[in-house]
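Here is a short report on a ligand and the pocket around it. The structure comes first, then the contacts.

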Amino acid sequence: MTLTTHNTFPSVAELTSTFADWLGELVASKDSFSIALSGGRTPIFIFDYLVANYRDKIEWQKIKFYWGDERCVSPEDAESNYRAAMEHLLLPLGIPAANIFRIQGEDDPEDEALRYAQVLRDTLPIVNGVPKLDLVLLGMGADGHTASIFPNRLDLLASARVCEAVTHPESGQSRVTITMQVINRAERVVFLVTGADKTEKVKLITGGKQNAKLFPATYVNPSSGQLYWLFDQAANPKP
Ligand code: 6PG
């Protein structure tokens with residue numbers, strides 16, 4: 001299964017099955033694999049689809065699970081990316097706790113940014129001083145943010161840290177996020193972008209328009225060159 005840079009699917013189900021086939025082949029070729037999960041709504045459908053259709057088609061026990069970002073809430077909170085992944089993917093698949101490395105959203109954001117950075121350093125290979133993930137999954141907000149790097153914080157693009165504590169520009173919610181340098185040092189990055197609310201930013205970013213530089217998602221450009229955008233029809237309608 002090969003992916004091109006921009007892949008558009010008629011439905012989220014077809015997007016997910018293509019992604020899952022690609023992931024399954026990739027994981028089968030490795031002894032172990034590390035994935036940073038994205039948050040928000042899109043992954044929940046994808047997680048449910050994977051559990052329903054790919055439980056026995058992917059070697060899940062090889063995978064170590066991380067997060068690209070987390071809301072600073074308790075792990076039981078409805079807003080928690082960890083809770084969503086546990087309920088919809090990790091518990092149903094029986095992923096062992098030893099393979100789950102959550103961001104502790106209940107703790108002080110700055111302290112947790114430091115702690116999680118150390119978790120990444122301690123459990124992932126370090127390449128040129130940066131923890132290297134095999135795969136980072138990203139979503140994109142309607143404002144062009146990705147992970148929890150928001151348009152009002154383009155200064156974070158130059159962060160030399162592994163994780164940063166930030167606040168959501170509208171809700172003021174505290175977040176912990178991996179930085180762009182960690183994203184761009186990953187071996188592979190896959191954007192999972194769905195919904196008509198993304199269409200405008202998708203067109204600007206994939207079209208290389210000048211004002212795409214206002215949006216953090218534009219700056220995802222892994223040095224490995226392995227960047228794949230997966231859109232549903234709503235997010236990237238045919239011209
Ligand atoms: C989060 C995410 C965030 C998300 C985008 C897209 O914690 O909210 O990590 O970056 O991926 O906001 O979210 P949807 O897929 O729900 O539109």
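## Ligand contacts

A backbone N or O atom of Arg-41 lies 2.6 Å from an oxygen atom of the ligand. The model is predicted: local features need pLDDT of at least 70, side-chain atom pairs count only at pLDDT 80 or more, and totals for chains, interfaces and linings use all residues. Residues are numbered from 1 along each chain as its sequence is written, and side-chain values use heavy atoms, with hydrogens and water left out.

Side chains also reach ligand oxygens. For Lys-198, a side-chain N or O atom is 2.7 Å from one. For Asn-81, a polar side-chain atom lies 2.9 Å from one. On its own the ligand has 420 Å² of accessible area, and the protein covers 93% of that (Shrake-Rupley method, 1.4 Å probe).

## The shell

## The pocket lining

What is the volume of the largest pocket? About 590 Å³, taken as the space filled by probe spheres set on the grid points. Its lining has 34 residues, and the closest to its centre are Gly-39, Gly-40, Arg-41, Arg-71 and His-145. A pocket here is an open set of points on a 1 Å grid over the protein atoms alone, where a 1.4 Å probe fits, with protein on both sides within 12 Å along at least five of seven lines; lining residues have an atom within 4 Å of a point.

α3 gives the most to this lining, with five residues.

How values were computed: Polar contact = N/O pair within 3.5 Å; in protein donor to acceptor, adjacent residues only side chain to side chain. Helix = DSSP H or I, 4+ residues; strand = E, 2+ residues; numbered from the N terminus.
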